[in-house]
Amino acid sequence: MLALFIAANAAGSLGRLLSTIGTTAIAIGIVAAIWLAGNAIVSQVSNRWPLFIGLSWGLTAAILFAVMRGNEVITALFAEEDPIAFGAGGGAFGRLEWPIVGAIIWGGGAALIGTLGNRLARLGVGIGLGVLTGILVAPNLLIWQRASIPVGSTILWVLVGVIVGAAAHRAFPNRSASDPVPGALVGAAIGWTIAVWLRASFVASFEAPYVATIVPLALIGARIAWKGRPSPRQIARLEERGRALLFLGPALLFLSAALIIPAIITVRLSFLDRDGEESVGFDNYREYFGRDDAFNVSNWTNLFGSQLFWIAVVLVIGGILIGTFIGTTRNGQLTFEGSNGSIGTLGIGFFVFFTAVFSVLRGTFFNNLWWIMTVTVMSVALGLLVAVLAERAGRFENVAKSLVFMPLAVSFVGASIIWRLQYQARPVQKSQTGLLNWFWVKLGELSHSGWPRMLAIVVMILIMARIGQHLARRVQRGDNFAGQVVALIVMLYVLFQLLGRSLGGFVLRPDGSTTPETVLFIQNPPFNNVFLMIILIWIQTGFAMVILSAAIKAVPSDYIEAARVDGATETQTFFNIILPSILPTIGVITTTLIVLVTKVFDIVKVTSNGNFGTNVLANDFFTVRFSFFDNGLGSAIATIILLMVLPIMILNIRRMQVARNA
Amino acid sequence: MTAIAPEQGQRNTLGARIYRRLSNLPMWVLWTLVALWTIPTLSLFANSMRDRSSQINSGFWNIVGGDAGFTLDNYDEVLTTGSGAANLFDSLVSSFAIAIPATIIPISFATFAAYAFAWIDFKGREWLFIGTVSLLAIPLQVALIPLLQTYVGGAHLTLPFTDKTLTLIPDLNLNTRGSIAVWLTHTGFAMPFSIFLLHNYISELPREIFESARLDGAGHLEMFRRIVLPLSVPALAAFAIFQFLWTWNDFLIAVTMLSGGDPIDLPTTVRISNLAGDFGANEHLLTAGAFVQAFFPLVVFFSLQRYFVRGLLAGSVKG
């Protein structure tokens, strides 16, 4: 059935696929042809100078005329209709005549100029080109484009053009700086164009259009004619520059059209109203930060009621005490020494502290900060953990790494659906289908059961005793024992919960019986945010792991050998040799992750759609722009996202400057 | 290794070996993590092969025994009959129609640019390169609104000092014309990273090859074709995998740029999120759909993992 369907559908869908591939092939073919033609033009520079300048000016003229024709400045060349008629002489050829004629006249003229050695002769040809084109263009101008010539302002604009053009030419030391004439000529042409075409009031008269058209064109012609055949050195430079332009052109075009210019427009739109018409100053930003669901600090006093806050306080104080204790015993005076124990405890303390802070300060903006902190820290930490542990897994190293790495290939949408499945919560009378709630309810049943509970307690105590034994041995050896301590603390916590019959999801009824209780992972604020973050951590841990693993393997083995010879333990080698040398890599991963997390969107969109206090900036942006059609506010949110990654951008630039200078 | 080092003189019987394995705390942590990372995907796969009532009433682990409800009808249904006018099969075709051009086009432009930044001498090269790569951090939300406006309404430049408007790009309504707007957008957004990645590789090719080629009279075009293209196949492959995964898995660009178009052009990610949106009704199809969506990236990932990892490393470590 399925195969039949696919076969039947394939005909239709395959047609669609083939037509896409066809379109792609044609598009690529056209682009490749243009690109190769460009390269062919540049290849003429050194051997056939006239051909080169003929081709390049012919192309320039064709583009300029295409823009003029496309903007309905001039009518079709061979149109019978009155030039008043808007867009007279349409059709494909009506649009192509001007570019073709322009290319022939200017290409031929420029090529002729390229063969002439005498400057006067060249100037004659160049100015002649301008006059000829002007005579062709002027009568074909649409009637409301026929300018009058305001004498005073024309002189002023031409003067400005000359000065700016000459100065601009001088600003490029590589070019023939001694000769300001070409720049001045172009400047004059532009000045004239501004004064006569763009600023003037249009009056239908007979001679004015001729004067108005011929003068700038003749100036451009003179500019082409002014300089003769360049020297071999100039030609080599010209070829190099032309080649660079061709190789960079497509990329720079897409960068500016898809990134730079739109980003600038967005920043501008963020100061306009919802339709992008009236300027509203900072109102969009003020409105956004005034919204309760975006920026809400009113509950900050709840911080002191949160368990996490007090755990953080204990950890931070503990870290300081550990550091001071180690420093004081080692140095004999009251100092703080940063060791694994003290720094690690402090780090975890601060992490817990900010988690507490973000769970109290609510709103989209703080959610984003929370995402940035948690996902970045946890992905790097878990990635490092897996990378280090996998090293010891022997022949299973690659299996373990591949499996942790795999979620990176799954889309954010797919990952969200996968985790929705895990977070599923059903009414308590029914059996749970989500793994997490099933486990949670089973734990609740366990802590209210008879012998299974006793068995669990006994097993836990045995395992803890064994871990405690290892711990004692490692303490004696002076080895690092953080892993054992963490494992013991976690198990001790679980054990106490089990002893007190308070582990897992259940509700105690007044009559002493219990009913199961589920966790609404996605609906219960504020920690539903964390459960959404777990999805991204699940994806990104593999990324951090792979890069860190390679960085660890790249640490010179001499260093590690030397440390071993000096009697360093495995953990000492890790913290004193490996960790410092992979710090730059951790920095790179951190910045990459921050940039990625700042714009997280798909996960929130698919799981909660920003409800239950889980909104993030990118999802809010989408809702505001595409559901409420508010361009101003939407752009303001986008700009806030941009501002959040700006420090990273500056950091990256500085890092690259350093790397390039080194 | 050191966590639980085997004690001296310990007997090397099978029992002792098993005990040593089991008491190795780091390995417990590692394999617990690996299990946590794998089970979610497996659960999706298991549930995708169970019928609607089984999926709703019992957990995925029931696929072995219990309430298995084994069936392949979900795949059948999600591929043949979908919500709206189109089904997931159409979406797969659309996803390919987006991912293939959106991989080929940026890769070629980026290779040109990477070559220029590495081997062509021109003024301002350093700054242009740093500027290009620094755009890596620009979040695409910032460019989305104006881009969409351009695709729909063209680009019109209001000239300074005048009241005139010059049309640079006419109104094309690109958002309703197949996936063209999506490719163009992907191409633009891929540029900084692709140039960065390929430049890292191309600039490390040995200088001597280029010098001797130049002595033989080769121009940039020949050097690009004869030296750079054949030698950078690994980097090109790495980036192609990246870009394919990224465009196949993209949601934001597709959902915005195809907003006005024919639903048949929507890629799999958008289709799946639409399925997820109509709560409950298609819950049983969602698992199969999500698995079909993830199938192609996973195949690419597992068969070409080596290149993928290489690309990741070239893209980050050298930063």
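Trainee: Is Asn609(A) buried, exposed or partly exposed?

Mentor: You count C-beta atoms, placed from the backbone: 20 or more others within 10 Å means buried, 12 or fewer means exposed, and anything in between is partly exposed. Asn609(A) has 16 other C-beta atoms within 10 Å, so it's partly exposed. Before we go on, this is a predicted model, where local features need pLDDT of at least 70 and side-chain atom pairs count only at pLDDT 80 or more, while totals for chains, interfaces and linings use all residues. Residues are numbered from 1 along each chain as its sequence is written, and chains are lettered from A and ligands numbered from 1 in the order in which they are written.

Trainee: Where does Asn609(A) sit, and what is its phi?

Mentor: Look in the loop between helix 21 (602-607) and helix 22 (617-626) of chain A. Helices here are DSSP runs of H or I with at least four residues, strands are runs of E with at least two, and both are numbered from the N terminus. Phi of Asn609(A) is positive, about 50°, although the residue is not a glycine. The loop between helix 21 and helix 22 of chain A also holds Phe612(A), whose phi is near 55°, again positive in a residue other than glycine. Phe612(A) has 17 C-beta neighbours inside 10 Å and counts as partly exposed.

Trainee: Which peptide bond is cis, from Pro525(A) to what?

Mentor: To Pro526(A), with omega near -5°. Pro526(A) belongs to the loop between strand 2 (514-516) and helix 18 (528-553) of chain A.

Trainee: How do I read the span of helix 7 of chain A?

Mentor: The expected span is 1.5 Å times one less than the number of residues. Helix 7 (residues 207-226) of chain A has 20 residues and reaches 28 Å from first C-alpha to last, close to the 28 Å expected. Of those 20 residues, 15 are buried, so helix 7 of chain A is largely enclosed by the rest of the structure.

Trainee: How many residues of chain A are in contact with chain B?

Mentor: A contact means C-beta atoms, placed from the backbone, within 7 Å. By that count, 109 residues of chain A touch 99 residues of chain B. Helix 8 (residues 232-269) of chain A gives the largest share of chain A's side, 18 residues. For the complex, the predictor reports an ipTM of 0.89 and a pTM of 0.88.

Trainee: What about the fold of chain B?

Mentor: Chain B has 15 helices and two strands. Its radius of gyration, taken over C-alpha atoms, is 26 Å, well over the 20 Å from the globule rule (2.2 Å times the number of residues to the power 0.38) for 319 residues, so chain B is more spread out than a compact globule. Its C-alpha atoms fill a box of roughly 80 × 60 × 35 Å along the principal axes. Of the 319 residues of chain B, 49% count as buried.

Trainee: Where in chain B does pLDDT stay under 50?

Mentor: pLDDT is the predictor's confidence in each residue, from 0 to 100. It stays under 50 over residues 1-9 of chain B. Chain B has a mean pLDDT of 83, with 91% of its residues at 70 or more.

Trainee: Which residues is Ala254(B) in contact with?

Mentor: Leaving aside neighbours within four places in sequence, Ala254(B) contacts Ile98(B), Val182(B), Leu266(B), Pro267(B), Thr269(B) and Val270(B).

Notes. Contact = placed C-beta atoms within 7 Å.
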